[in-house]
Amino acid sequence: MDQLKRQAAARALDEVRDGMQLGLGTGSTAKHFIELLGERVAAGLNVIGVPTSEATRADAERCGVPLTTLDEIDHLDLTVDGADEIDPQLNLIKGGGGALLREKIVAAASDRMIVIADDTKWVPTLGRFPLPVEVIPFGLGATRRAIEKAFAQCGVSGQMAVRKAKDGHVFVTDGGHWIVDAQLGRIADPASLAKALSAIPGVVEHGLFIGLASSAVLAGGDGIRVIERR
Ligand code: 5RP
């Protein structure tokens, strides 16, 4: 599986050109991309990156990839990031690694987003992977009730749980927020659900990435498949 992730990352690297301003994703697949990018930088490639998490910042620094912020530059040419699920319209579920807020800000500031993944992430319909919803801890009870209402309006339902870190404490995002993971099973209309969740005051962001991915690079046993958004 790790080899497939690296193959997808290597294919995305072919799209990187000298002088590009890059969004750097988070997760095990994005980490391969950063390592391979670091090798190219060491060989003379001139790029600059915006990391989507503190973990990615640390990886990029370790690999020698120069970094900047979205305050210092006005756009990104390309973002390369992983995903938890990818559907045929290239809608995504992201946030399994907890970085969905910065990932979405960076993807939205980017001219193109390439999603890299092993082909187990490809699904006919989103929802098997629990949908991460990043929330403000204050008023969580009210926010959860509003989320349930939004689910019902969009024809989905399922268990919700506040994400825990490995040490058993509540998982806290880089932005200081919490994540509620919702087991929805099947999301028939992800765009409507995305809109409904975004309208809830205590919701900071959610893991539905609608219309952001330009292409997906999927690595599987039969080789690499590149899918462009129509
Ligand atoms: C982090 C993410 C990751 O891109 C997603 O969880 C995929 O991770 P991995 O490449 O480790 O499977 O959205 O917030």
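Predicted model: local features only at pLDDT ≥ 70, side-chain atom pairs only at ≥ 80, totals over all residues.
View 1. The domain assignment divides the chain into domain 1, which is made up of residues 2–123 together with residues 210–222, and domain 2, which covers residues 131–203. The C-alpha centres of domain 1 and domain 2 are 24 Å apart, and the contact between them draws 14 residues from domain 1 and 14 residues from domain 2.

**View 2. The area buried between domain 1 and domain 2.** The size of an interface is often expressed as the accessible area that is lost when the parts come together. Between domain 1 and domain 2 this buried area is about 890 Å², with carbon and sulfur atoms giving 64% of it. On the side of domain 1, the residues that lose the most area to domain 2 are Ile93, Leu100 and Ile210, which together account for 41% of what that side buries.

**View 3. Polar and charged groups at the domain interface.** Across the interface of domain 1 and domain 2 there are 0 salt bridges, whereas 4 residue pairs, both members at pLDDT 80 or more, are in polar contact. Helix α4 (residues 100–108) supplies 3 residues, the largest share of the side of domain 1 that touches domain 2. Sorted by class, that side of domain 1 holds 4 nonpolar, 6 polar and 4 charged residues.

View 4. A polar side-chain atom of Lys121 is placed 2.7 Å from an oxygen atom of the ligand, while a backbone N or O atom of Gly95 lies 2.8 Å from an oxygen atom of the ligand. Gly82 also takes part through its backbone, with a polar atom 3.4 Å from an oxygen atom of the ligand.

**View 5. A salt bridge within helix α3.** The whole structure contains 13 salt bridges, and the pair shown here joins Arg57 to Glu54, with 3.1 Å between the closest N and O atoms. Because Arg57 and Glu54 are 3 residues apart in helix α3 (residues 54–63), about one helical turn separates them.

Methods
Residues numbered from 1 in each chain as written. Heavy atoms only, no water. Domains from an automatic or database assignment. Contact = heavy atoms within 4.5 Å. Buried area = accessible area lost by both parts, 1.4 Å probe. Salt bridge = Lys/Arg side-chain N within 4 Å of Asp/Glu carboxyl O. Polar contact = N/O pair within 3.5 Å; in protein donor to acceptor, adjacent residues only side chain to side chain. Helix = DSSP H or I, 4+ residues; strand = E, 2+ residues; numbered from the N terminus. Nonpolar A, V, L, I, M, F, W, Y, C, P; charged D, E, K, R; others polar.
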